[in-house]
There are 2 protein chains.
Amino acid sequence: MKKILITGASGFVSSYFIEFLENNQIKSFVLGLDIFKNDYPSTYKYVNRSFRQIDLLNTQEIENIIYSFQPDYILHLASYSSVAFSWKNPVLSFQNNTNIFLNLVEAVRKLNLSTRILSIGSSEEYGNINSDHLPLYEYLSPDPINPYAVARVSQELLSKVYSQGYGIEIIMTRSFNHLGPRQRDVFVIASFAKQIAELKKQGLKEGTISTGDLSIVRDFLDVRDVVKAYYLLLTKGKNGEIYNICSGRGVSLQEIVKKLSEMSGIKITTITNPAYIRPNDNKIIIGSNEKIYNAVGWKPQLSIDQSLKDIYTYWCDIF
Amino acid sequence: MKKILITGASGFVSSYFIEFLENNQIKSFVLGLDIFKNDYPSTYKYVNRSFRQIDLLNTQEIENIIYSFQPDYILHLASYSSVAFSWKNPVLSFQNNTNIFLNLVEAVRKLNLSTRILSIGSSEEYGNINSDHLPLYEYLSPDPINPYAVARVSQELLSKVYSQGYGIEIIMTRSFNHLGPRQRDVFVIASFAKQIAELKKQGLKEGTISTGDLSIVRDFLDVRDVVKAYYLLLTKGKNGEIYNICSGRGVSLQEIVKKLSEMSGIKITTITNPAYIRPNDNKIIIGSNEKIYNAVGWKPQLSIDQSLKDIYTYWCDIF
């Protein structure tokens with residue numbers, strides 16, 4: 001029975017990861033850490049789950065926890081992952097991405113454990129993308145253009161040194177956009193689905209939703225596919241390697257709105273909210289998932305249509 | 001009369017920078033910051049100098065100091081620059097390179113100052129060097145392979161984002177090996193010169209010194225040339241650009257020993273101390289200084305022979 005430490009355990013991705021373990025009858029002790037309290041249900045048959053509220057900047061407490069739990073695996077999901085937040089609070093973003101990661105791997109090093117760590121990175125690390133380089137492969141050098149992306153690249157560079165220099169087992173990801181039910185509506189697709197579900201609730205046949213730039217194309221991956229990739233990499237990924245976590249398909253936000261409109265039977269008009277427009281944003285981001293497929297046989301299972309249907313249903317059930 | 005804030009003000013490079021200002025009759029207010037007290041003489045005609053003992057991890061105190069001093073320029077020399085130390089204390093190395101820099105630039109950003117900052121980086125950022133890539137040019141992507149180098153690359157990535165994203169004026173260096181009188185004998189050439197000066201003092205005609213791998217080739221630059229480059233970049237370098245600070249010439253440690261032997265008239269035998277051998281060290285590091293020459297007209301003035309003579313004389317005077 002393996003022991004898995006999860007940071008960012010109160011978050012969206014963590015809840016799906018635990019469901020993945022449970023649904024696949026993977027018996028495990030899970031210790032979740034988060035600065036915020038956890039309100040997901042906690043009755044599982046295969047997962048023995050506990051939780052500790054902690055600030056990962058607290059070096060000594062992390063070391064104590066890791067020492068007493070002796071994890072076989074660490075799934076490091078904790079992150080201040082908003083680019084917009086990072087522009088306003090670059091120091092907090094840096095500390096709560098890079099420094100917390102450093103605290104974690106340093107505890108594993110000092111305690112001389114053979115824990116395997118999955119370090120989550122971001123497609124933001126690629127920076128401004130030349131369209132000749134699409135789809136993005138892992139061998140491309142990062143070129144971060146916002147504070148959040150710098151923090152993620154720094155984390156990746158530290159991971160490499162801890163892996164190659166100290167022999168700690170660290171597998172790295174560059175994770176692309178996620179979508180899925182329960183995602184907060186600060187994320188674009190959840191925002192669209194929520195607004196359309198509200199129109200539905202009001203019994204409207206047409207309506208307006210507020211959006212950012214709909215022409216941009218992103219590589220969206222269902223969180224249920226994401227957590228499967230994380231599990232496979234954590235258990236079977238190659239030490240010191242970086243893997244894109246992405247669908248390999250690009251979809252424009254315009255198409256997303258169209259699909260949600262069809263699903264709901266509501267005729268949608270969009271208005272652009274300038275607050276949602278990011279300066280210097282890439283028009284198109286699409287990754288290659290060849291490397292992870294070759295390494296652990298992972299491929300996305302859920303179509304974008306299935307994901308959107310589940311998300312729309314989730315928001316309809318809330319109202 | 002310009003106001004210059006210098007961090008790492010108790011160090012070797014800072015003392016030469018202030019001498020450069022004085023010798024060139026550049027009237028300036030200099031506020032030096034360092035975690036250690038400063039013991040360099042402080043009677044200058046052109047430089048009005050003050051000093052504050054401070055830990056640069058103290059965010060609030062830095063902000064207060066920068067607010068009250070309102071520097072035109074910041075020369076950020078403070079660093080835990082030892083690679084060996086960084087392997088033993090990766091967290092301290094990271095914090096005392098990257099996080100202190102972040103505190104500094106963040107204070108400038110928050111206070112909305114038009115201060116120009118020189119961010120000192122290192123040739124260590126280049127990592128394992130393919131000999132096809134010599135001499136090293138700034139366009140090469142960093143590939144750091146030790147914790148110190150990761151910290152420096154993170155600092156450089158932050159610099160770019162602060163420069164391009166926030167419009168802070170930051171010029172970056174990748175500085176190669178320094179040499180010069182007063183350098184501490186933990187550095188290789190100071191160590192050789194000191195050992196040979198000790199033999200001289202004893203009146204010996206031959207003797208043995210302890211060394212590392214003498215076949216390695218490095219690009220050494222006299223600290224007096226370094227500080228001139230720093231002054232020119234600080235005042236005239238292009239915002240957001242990275243400049244190698246190097247001689248452009250490679251010299252093997254074997255040649256250095258030979259030159260010092262000739263200068264001293266002592267026949268030197270060397271014995272290898274395994275403690276001085278660094279694993280995975282590059283055999284040859286040579287940089288190109290074309291970019292800084294084209295930008296500000298800087299070229300090294302002092303020959304390696306002149307530097308070695310001054311260093312040897314310095315150590316002879318001590319004994």
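Author: The contact takes 18 residues from chain A and 18 residues from chain B; two residues are in contact if their C-beta atoms, placed from the backbone, lie within 7 Å. This is a predicted model, in which local features need pLDDT of at least 70 and side-chain atom pairs count only at pLDDT 80 or more, while totals for chains, interfaces and linings use all residues. Residues are numbered from 1 along each chain as its sequence is written, and chains are lettered from A and ligands numbered from 1 in the order in which they are written.

On the side of chain A that touches chain B, α4 (90-110) and α5 of chain A each supply at least two residues. Helices (H or I, at least four residues) and strands (E, at least two) are DSSP runs, numbered from the N terminus. The most comes from α5(A), with 8 residues. By class, this side of chain A has 13 nonpolar, 4 polar and 1 charged residues. Here Ala, Val, Leu, Ile, Met, Phe, Trp, Tyr, Cys and Pro count as nonpolar, Asp, Glu, Lys and Arg as charged, and the others, Gly among them, as polar.

Axes are lines fitted to C-alpha atoms, for helices over the stretch in contact, and angles run from 0 to 180 degrees between N-to-C directions. Between β5 and α5 of chain A is a loop that holds Pro135(A). The peptide bond from Leu134(A) to Pro135(A) is cis, with omega near -5°. For background, most residues other than glycine have a negative phi, and most peptide bonds are trans.

Two strands pair if DSSP finds at least two bridges between them.

Strand β5 (residues 116-122) of chain A pairs with strand β6 (residues 169-175) of chain A in the parallel sense, over 7 bridges. In that pair, Leu118(A) stands opposite Ile171(A). Elsewhere in the sheet, strand β1 (residues 2-7) of chain A and β2(A) run parallel and share 6 bridges, with Lys2(A) bridged to Ser28(A). Together with helix α1 (residues 12-23) of chain A, β1(A) and β2(A) make a right-handed β-α-β unit. A crossover is right-handed if, with the strands pointing away from the viewer, the path from the first strand over the helix to the second runs clockwise.

Strand β2 (residues 28-34) of chain A is mostly covered, with 5 of its 7 residues buried. A residue is buried if 20 or more other C-beta atoms lie within 10 Å of its own, exposed if 12 or fewer, and partly exposed in between, with C-beta atoms placed from the backbone. β2(A) is also joined to strand β3 (residues 47-53) of chain A by 7 bridges, in parallel; one of the bridge pairs is Leu31(A) with Ser50(A).

Across the contact, chain B has an open sheet of 7 strands with parallel pairing, in the order β3-β2-β1-β4-β5-β6-β11. Within this sheet of chain B, β4(B) is joined to strand β5 (residues 116-119) of chain B by 4 bridges, and His76(B) has Ser119(B) as its bridge partner. Helix α2 (residues 59-69) of chain B packs on the sheet, where α2(B) touches β1, β2 and β3 of chain B and makes about 160° with the direction of β1(B).

In the loop between α2 and β4 of chain B is Gln70(B), a residue other than glycine with a positive phi, near 50°. Gln70(B) is exposed, because 12 other C-beta atoms lie within 10 Å. Chain B has a cis peptide bond from Leu134(B) to Pro135(B), with omega near -10°. Pro135(B) lies in the loop between β5 and α5 (147-166) of chain B.
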